Amino acid sequence: MEYNKDDIKRMLLAEGANKELLFAYAAEEKRKNVGNITYLRGLVEYSNVCAKNCLYCGIRSGNGNVQRYTLDTVSVMDAARFAMAKGYGSIVLQGGEIFTPEHVARIEDILHKIKELSNGELGVTLSLGEQSLDTYRRWFAAGAHRYLLRIESSDRELYNKLHPVNKLHDYDTRIEALNNLRTAGYQLGTGVMIGVPFQTIDNLVDDIEFFRSMDIDMCGMGPYVEHRDTPLYKYKDMLQPTGWRMEMTLKMIAVLRMVLPKVNIAATTALEAIDPEGRTRALKVGANIIMPNITPGIVRDSYKLYEGKPSPGDDLESYGAAINELVERAGDVVGYGKWGDSLYFREKYEQK
Ligand code: 5AD
Ligand code: SF4
């Protein structure tokens with residue numbers, strides 16, 4: 001069914017019994033299309049060094065209170081080995097935006113090593129920001145096949161309120177990067193934050209429209225969680241309460257499952273930051289991806305995009321069991337050992 005903007009807005013404004021109906025419909029769309037399987041991606045927070053200065057982010061370059069780190073190759077390989085041993089199927093390498101040739105070559109080398117280590121079996125998603133088409137192509141050739149780059153807000157004006165207005169934080173460059181990722185052959189993932197200052201319901205409706213028009217394969221959306229060392233913190237008193245941000249994120253997930261039933265949708269960590277059951281609830285209303293954090297313990301606490309970010313603690317074994325339980329509480333089973341590629345992408349590709 002084709003939903004128009006009015007339908008989407010009505011769904012986002014649903015409360016009480018209507019909201020529960022939306023959630024039930026979305027759960028059914030999930031079951032019918034991607035099934036009750038949650039796929040895992042081990043999240044490796046590769047580096048918190050970032051050239052950018054996004055106004056909401058705790059690891060922005062202007063925040064002097066951050067201990068900066070970049071994982072060495074051995075640590076990344078250890079994490080990859082751990083993910084394989086646990087049957088996670090794939091990993092995500094995530095980090096700040098760095099543009100040096102050394103960085104590009106280092107990621108390329110790591111990708112080759114991961115592919116070698118796993119006989120090509122471990123899937124790799126990248127989340128390393130805006131890069132040139134050439135860089136995207138090199139990393140794709142080295143074995144990465146999915147890429148996450150959130151638009152943060154599809155509204156140009158709001159985008160400019162969330163970022164410094166300069167060449168390094170340019171809305172059009174962001175769009176171009178998303179198009180380049182598609183050109184380079186990746187499964188394309190984007191997403192937005194929900195509950196940022198100045199955001200309206202109409203902005204969120206437009207975000208859903210944007211996902212549709214960009215023909216995305218994957219989506220990660222999470223509540224905005226303010227961080228005191230960032231410029232946006234001064235607007236904290238105008239924010240919606242965290243409970244509202246939680247419910248609106250769940251509604252965005254449910255609506256996206258209705259509008260694009262075959263894409264992969266993540267139950268993001270930021271949901272857990274404001275509600276211990278946040279990710280379980282997201283899986284129940286349409287999400288089908290979880291990214292357990294497998295970053296080595298010594299640096300994990302330095303990757304604080306927002307405050308109150310949950311940490312798995314040092315015992316990654318019992319953390320793995322907890323992830324399994326949260327998936328089962330949502331009525332899903334874990335798709336161990338599978339890449340869990342976007343069904344939407346697979347069907348597009350098969351048609352070609
Ligand atoms: N609250 C919630 N999400 C945030 N991110 C960055 N800062 C915050 C914050 N304060 C998200 C952005 C980015 C992703 C890696 O983390 O959406 O794309
Ligand atoms: Fe850097 Fe990403 Fe944070 Fe922006 S959101 S400052 S690009 S890590």
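# Aromatic pairs and helix packing in a predicted model

P296 is placed in the loop between β9 (289–290) and α12 (297–300). The structure described here is a predicted model. Leaving aside residues up to four places away in sequence, P296 touches L71 and S75. P296 and T249 lie 47 residues apart along the sequence, and their C-alpha atoms are 29 Å apart in space.

N65 counts as exposed, at 61% relative accessibility. Between N65 and A254 there are 37 Å from C-alpha to C-alpha, and the two are 189 residues apart along the chain.

## Aromatic rings

A pair of aromatic rings is described by the distance of the centres and the angle of the planes. With ring centres required to lie within 6.5 Å, the count in this model comes to nine aromatic pairs. One of these pairs is formed by F198 and Y235: the ring centres are 4.9 Å apart and the planes stand at 70°, so the pair is edge-to-face. The reasoning rests on the cut-off that planes over 60 degrees apart count as edge-to-face. F198 belongs to the loop between β6 (193–194) and α8 (201–213), while Y235 belongs to the loop between β7 (218–223) and α9 (242–259), so the pair ties together parts that are 37 residues apart in sequence. F198 is partly exposed, with a relative accessibility of 32%. Y235 is likewise partly exposed, with a value of 27%.

The pair of F345 and Y349 has ring centres 6.2 Å apart and planes at 10°, so this pair is stacked. Is F345 buried or exposed? At 19% relative accessibility, F345 counts as buried, because the limit for a buried residue is under 20%. Y349, with a relative accessible area of 58%, is exposed.

Two further features involve aromatic residues. Y136, F140, Y147 and Y186 make up one aromatic cluster.

## Packing of helices

Two packed helices are described by the angle between their axes and the distance between the axes.

| Helix pair | Angle between axes | Distance between axes |
|---|---|---|
| α8 and α9 | about 30° | 11 Å |
| α5 and α7 | about 35° | 9 Å |
| α1 and α9 | roughly 145° | within 9 Å |

The crossing of α8 with α9 is right-handed. On the α8 side, the contact is made by I201, L204, D207, I208, F211 and R212, which meet W244, M248, M252, V255, L256 and V259 in α9. Sorted by class, this contact has 10 nonpolar residues, no polar residues and two charged residues.

Helix α9 also packs with helix α1 (residues 5–13). In this case too, α1 passes α9 in a right-handed crossing. From α1, the residues I8, M11, L12 and L13 meet M248, K251, M252, V255, M258 and V259 in α9. Nine residues of the contact between α1 and α9 are nonpolar, none is polar and one is charged.

What is the handedness of the crossing of α5 and α7? The crossing is right-handed. Helix α5 comprises residues 133–141 and helix α7 residues 171–184. L133, Y136, R137 and F140 in α5 meet A177, N180, L181, T183 and A184 in α7. The contact of α5 with α7 contains six nonpolar, two polar and one charged residue. Y136 and F140, which take part in this contact, are also members of the aromatic cluster.

## Residues with positive phi

Most residues other than glycine have a negative phi. N119 has a positive value, near 55°. N119 lies in the loop between α4 (101–117) and β3 (123–127) and counts as exposed, at 68% relative accessibility.

E152 has a positive phi as well, near 70°. E152 is located in the loop between β4 (146–148) and α6 (156–162). With 10% relative accessibility, E152 counts as buried.

Technical notes: Residues numbered from 1 in each chain as written. Chains lettered and ligands numbered in written order. Predicted model: local features only at pLDDT ≥ 70, side-chain atom pairs only at ≥ 80, totals over all residues. Heavy atoms only, no water. Phe/Tyr/Trp six-rings, centres within 6.5 Å; stacked < 30°, edge-to-face > 60°. Helix = DSSP H or I, 4+ residues; strand = E, 2+ residues; numbered from the N terminus. Buried < 20%, exposed > 50% of the residue type's maximum accessible area, 1.4 Å probe, protein only. Axes fitted to C-alpha atoms, helices over the stretch in contact; angles between N-to-C directions. Left-handed = near helix turned anticlockwise from the far one by under 90°. Contact = heavy atoms within 4.5 Å. Nonpolar A, V, L, I, M, F, W, Y, C, P; charged D, E, K, R; others polar.
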